[in-house]
Amino acid sequence: MDRIWETHGGRIAGLIAGLLFGFIFLFVGFWKTLIFGFFVLSGYGVGQWMDSRGEWREVLEEIVPDKWFRK
């Protein structure tokens with residue numbers, strides 16, 4: 001099983017994501033699916049950025065102005 005995941009992991013993940021978006025499209029419609037996809041991709045982007053940067057507090061300090069943090 002691990003070998004299948006290592007060699008075809010991207011295809012399997014893409015198939016699962018396609019099925020998920022397909023079912024959402026069937027149940028709620030095109031525009032709601034598009035907005036849902038935007039939020040999912042935004043969350044993925046923020047998560048990937050946080051993983052590459054380290055501590056979430058450091059990431060928030062870069063995003064949010066200094067006046068919001070007590071020191």
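Helices here are DSSP runs of H or I with at least four residues, strands are E runs with at least two, and both are numbered from the N terminus. The model is predicted: local features need pLDDT of at least 70, side-chain atom pairs count only at pLDDT 80 or more, and totals for chains, interfaces and linings use all residues. Residues are numbered from 1 along each chain as its sequence is written, and side-chain values use heavy atoms, with hydrogens and water left out.

**Exercise 1. Describe the fold and the overall dimensions of the protein chain.**

Step 1. Count the elements. The protein chain has three helices and zero strands.

Step 2. Write the order. Along the sequence the pattern is α-α-α.

Step 3. Check the radius of gyration, taken over C-alpha atoms. The globule rule is 2.2 Å times the number of residues to the power 0.38. For a compact globule of 71 residues the value would be near 11 Å, but the protein chain has 18 Å.

Step 4. Box the C-alpha atoms along the principal axes. The box is roughly 50 × 35 × 10 Å.

**Exercise 2. Find which residues make the nonpolar surface patch, and where they sit.**

Step 1. Set the rule. Patch residues have over 30% relative accessible area and no salt bridge; nonpolar side chains (Val, Leu, Ile, Met, Phe, Trp, Tyr) are joined within 5 Å, like charges within 9 Å. A salt bridge puts a side-chain nitrogen of Lys or Arg within 4 Å of a carboxyl oxygen of Asp or Glu. Areas come from the Shrake-Rupley method with a 1.4 Å probe; for residues, only the protein chains shown count as cover.

Step 2. List members. Among them are Leu15, Leu19, Phe23, Trp31 and Leu34, and the patch covers about 1,200 Å².

Step 3. Assign elements. Helix 1 (2-28) and helix 2 (30-53) each give two or more residues. Helix 1 supplies the largest share, seven residues.

**Exercise 3. Classify Leu19 and Thr33: buried or partly exposed?**

Step 1. Recall the cut-offs. Buried is under 20% relative accessible area, exposed is over 50%, and partly exposed lies in between (1.4 Å probe, protein chains only).

Step 2. Take Leu19, in helix 1. Leu19 counts as partly exposed because its relative accessibility is 47%.

Step 3. Take Thr33, in helix 2. Thr33 is buried because its relative accessible area is 9%.

Step 4. Look at the whole. Of the 71 residues of the protein chain, 8% count as buried.
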